[in-house]
Amino acid sequence: MAQLVVALDVPSAGQAERLVDELYELDVLFKVGLEALYGYGDRIFAHMQARDVRHFIDAKLHDIPRTAGAAARQLVRPGTHIINVHAIGGNDMMRAVVDGAAGRADELGITAPHVFAVTVLTSIGGEDLNELGFRGGLGENSMRLSALARDAGCSGVICSAHEVRDLKRYFGEDFLTLTPGIRPTGTVHGDQKRVTTPAEAVAAGADYLVVGRPITEASEPLAAAKAILEEMR
Ligand code: C5P
């Protein structure tokens, strides 16, 4: 059963807390991205822990292995279900993050979080890849980086719902996929280009659907989240 992840992409702790208060009784996880992490990380983590909800820390780690692994150790806390890394940081770095997260979870007596890898950011196009010196196209690079992530012990990758079928076919059902770019029919796409509806993402086999603005900017976030969960079922 696919899980809904609500992105807490709002500028203040108060707004993020209100979203958690409104939605925590639903079967959802919350995503703490860079805006929340740098702006009011401690406060929102304490609030989510008080509400006993699980979260995804979208820290997109990318540094030398020791630093990235040490950062993963600092991030993991009760309620952490997923953290992520840039696959472009390489095998040793991803492995350091997987080990750091698992080691910290073990010390805390909690289940080790999933580590997901970002392969190619959805904001990067084919021309950008060439400019950066990558050989091959988007599909080829995202497959190669997915294989690297799997070999380094990551649970899966962050990708467009359009890529889920191919990834599952190639790496197997147990290789997890987390898909942003979800837009219920009739909602605005904003800056997301390759979008799918919640039902399409679930039908493709996505394991986690990340939704931000269609919920956070809705006049009634609770009703919007419930409608998405209903469509996912
Ligand atoms: O508001 P929206 O539903 O577009 O939010 C999607 C969320 O997923 C944002 O927090 C964005 O940073 C994140 N994300 C993404 N594309 C990626 C990785 C993460 O949209 N490739």
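Colleague: What are the ground rules for the numbering and the values?

Modeller: The model is predicted, so local features need pLDDT of at least 70 and side-chain atom pairs count only at pLDDT 80 or more, while totals for chains, interfaces and linings use all residues. Residues are numbered from 1 along each chain as its sequence is written, and side-chain values use heavy atoms, with hydrogens and water left out.

Colleague: Why are helix 1 and helix 2 called roughly parallel?

Modeller: Helix 1 (residues 13–23) and helix 2 (residues 34–51) pack at an angle of about 15°, with their axes 10 Å apart. Angles under 35 degrees count as roughly parallel, over 145 as roughly antiparallel, 65 to 115 as roughly perpendicular and the rest as oblique, and helix 1 and helix 2 are therefore roughly parallel to each other.

Colleague: Which residues make helix 1 and helix 2 meet, and how are they classed?

Modeller: With contact meaning heavy atoms within 4.5 Å, Ala13, Gly14, Ala16, Glu17, Val20 and Asp21 in helix 1 meet Tyr40, Arg43, Ile44, His47, Met48 and Arg51 in helix 2. By class, this contact of helix 1 with helix 2 has 6 nonpolar, 2 polar and 4 charged residues, where Ala, Val, Leu, Ile, Met, Phe, Trp, Tyr, Cys and Pro count as nonpolar, Asp, Glu, Lys and Arg as charged, and the others, Gly among them, as polar.

Colleague: Why are helix 4 and helix 6 called oblique instead?

Modeller: The axes of helix 4 (residues 91–108) and helix 6 come within 9 Å and cross at roughly 45°, and under the angle classes just given the two helices are therefore oblique to each other. Their contact is made by Asn91, Met94 and Arg95 of helix 4 and Leu148, Ala149 and Asp151 of helix 6.

Colleague: What makes the pair Ser155 and His114 a polar contact?

Modeller: A polar contact is a pair of N or O atoms within 3.5 Å; within protein, one must be able to donate a hydrogen and the other to accept it, and residues adjacent in sequence count only if both atoms are side-chain atoms. The side chains of Ser155 and His114 are joined by such a contact of 2.8 Å, and Ser155 itself is found in the loop between helix 6 (138–151) and strand 6 (156–158).

Conventions: Axes are lines fitted to C-alpha atoms, for helices over the stretch in contact, and angles run from 0 to 180 degrees between N-to-C directions. Helices (H or I, at least four residues) and strands (E, at least two) are DSSP runs, numbered from the N terminus.
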